[in-house]
Amino acid sequence: MLSLYVHIPFCERKCNYCAFNSFVATEEKQDDYVERLCKEIKRRKSSKPVQSIYIGGGTPSLLSDKNICKIIKTIFENYDVYEDAEFTIEANPNSLTEEKLILYKFLRVNRISLGIQTLDNKNLRKIGRLHNKEMALKKVELARKYFDNVSADLIVGLNNEDGRRLCSYAKQLLHLGIKHISCYLLEVYEDTKLYEMLEKNLYSILNDDQTIDAFNKLSNYLIDQGMSRYEISNFAFDGYEGKHNLNYWKRGEYLGFGISAHSFIDGKRLKNADTIFDYKSNIVEVENLSTKEVIEEKIMLGLRCFIGVDLNELKELGYDITQNEYFFSYLNQGVLTQKEEKIFLNPIYYHISNTIISNLI
């Protein structure tokens with residue numbers, strides 16, 4: 001089975017923390033990009049059945065009705081999409097309208113992912129978001145009017161947002177019927193406006209210890225409310241786990257369309273060009289994975305979520321992880337748990353997962 005990802009790089013304004021490949025573009029440039037995007041979707045047509053579609057960005061909800069219809073029509077004309085395939089579109093509160101939600105539903109979208117980030121108006125302004133708390137909650141309520149499966153993003157680490165405040169945000173979102181919450185640790189990149197603001201003391205954020213404490217409190221609250229932490233940054237009620245992202249963590253096959261989009265197909269990883277000019281020239285980087293890289297991916301991705309790592313699969317690839325000097329130490333300390341032939345990372349150690357994983361590979 002196959003998953004499809006479509007990258008929409010357009011935004012009304014780039015957020016101060018954003019290091020993704022996104023930018024402001026005229027309607028004419030958006031039309032041109034969508035035209036080329038649809039040509040790529042057709043060119044890479046596959047006979048493999050599609051289990052999930054994800055339109056991300058950027059801000060997909062910024063696209064005109066004409067362009068979103070064109071993209072989705074092209075997908076369904078060229079791919080065998082399961083009737084019950086998960087179909088997600090990302091949206092920002094300020095560009096999401098009732099008319100768009102009605103159109104998305106008509107086009108077989110069945111999951112909305114909203115970029116809320118925070119419910120503090122001061123922080124929303126500081127990080128460059130174009131909505132406020134009132135608009136965010138209103139759009140969550142509106143999305144829930146048409147879609148059962150609505151997800152919200154929250155950033156952990158913003159100024160003065162300790163665990164208590166984050167839990168209050170989550171409480172408001174859950175009250176409106178949110179089924180899935182993605183909680184991302186704030187990362188500061190040098191080429192962003194946020195980095196410049198911090199350097200000039202125009203803004204402050206939580207330190208590492210405060211951020212981890214806030215995340216842990218938020219995590220405990222969400223679990224107490226009945227959600228499962230099925231991946232390091234993702235929480236969901238039973239049955240609402242993101243199938244698209246789970247396919248990534250299972251090392252399932254997927255095709256990515258648009259600039260900077262990644263694919264994993266037939267054992268190869270592909271990456272599209274980062275610029276519009278190179279994308280127009282169909283420039284694609286191709287990486288053939290070595291056995292060592294496959295082993296490392298299986299360990300890294302499996303321990304990030306509830307899927308775990310199959311010891312027998314690693315042995316078939318020539319790696320007996322039980323011979324690793326850290327393995328039994330981690331088991332004895334409760335860092336890892338083992339159920340039959342699979343190992344899992346204890347969620348209380350998720351915040352140091354990179355160190356643990358690097359020691360095991």
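Which residue forms a salt bridge with Glu297? Select Arg251: its closest N and O atoms with Glu297 are 2.9 Å apart. Keep in mind as you click around that this is a predicted model. Glu297 sits in helix H11 (residues 291-303) and Arg251 in the loop between helix H9 (243-249) and strand E9 (253-257), so the pair ties together parts 46 residues apart in sequence. Both Glu297 and Arg251 are buried.

A search of the whole structure turns up 21 salt bridges. For another, pick Lys48 and Asp266, with closest N and O atoms 3.3 Å apart. This one links distant parts of the chain, 218 residues apart: Lys48 is in the loop between helix H1 (27-43) and strand E2 (50-57), while Asp266 is in the loop between strand E10 (262-265) and strand E11 (268-272). Lys48 counts as partly exposed because its relative accessibility is 26%, and Asp266, at 58%, counts as exposed. Then try Arg144 with Asp148, a salt bridge at 3.8 Å, N to O.

**A charge without a partner**

Now go to Arg229, in strand E7 (residues 228-231). Arg229 is buried but has no salt bridge; Glu231, the nearest side chain of opposite charge, is 7.3 Å away. What does lie 3.0 Å from a polar atom of the Arg229 side chain? Show the backbone oxygen of Ile232 and you have it. Beyond its sequence neighbours within four places, Arg229 is in contact with residues including Phe215, Asn234, Pro347 and Tyr350.

**Helix H5 and its cover**

Next, select helix H5 (residues 133-146). At 1.5 Å a residue, its 14 residues should span 20 Å, and the end C-alpha atoms are 21 Å apart, which agrees. At the N-terminal end, Asn132 is the cap, with a side-chain oxygen 3.3 Å from the backbone nitrogen of Glu134. Buried residues in H5 include Ala136, Val140, Ala143 and Tyr146.

Finish with Leu114, which touches Lys139, Val140 and Ala143, among others. Leu114 is also one of the residues with the most contacts inside the largest nonpolar core, which has 69 residues. Apart from that core lies another, of 19 residues, among them Ile232, Ile295, Phe327 and Val335.

Notes
Residues are numbered from 1 along each chain as its sequence is written. This is a predicted model: local features need pLDDT of at least 70, side-chain atom pairs count only at pLDDT 80 or more; totals for chains, interfaces and linings use all residues. Side-chain values use heavy atoms; hydrogens and water are left out. A nonpolar core is a set of buried Ala, Val, Leu, Ile, Met, Phe, Trp, Tyr and Cys residues joined through side-chain atoms within 4.5 Å. Buried means under 20% relative accessible area, exposed over 50%, partly exposed in between (1.4 Å probe, protein chains only). Contact means heavy atoms within 4.5 Å. Helices (H or I, at least four residues) and strands (E, at least two) are DSSP runs, numbered from the N terminus. The expected span of a helix is 1.5 Å times one less than its number of residues. A polar contact is a pair of N or O atoms within 3.5 Å; within protein, one must be able to donate a hydrogen and the other to accept it, and residues adjacent in sequence count only if both atoms are side-chain atoms. Lys and Arg count as positive and Asp and Glu as negative; His and the chain ends are not counted. A salt bridge is a side-chain nitrogen of Lys or Arg within 4 Å of a carboxyl oxygen of Asp or Glu.
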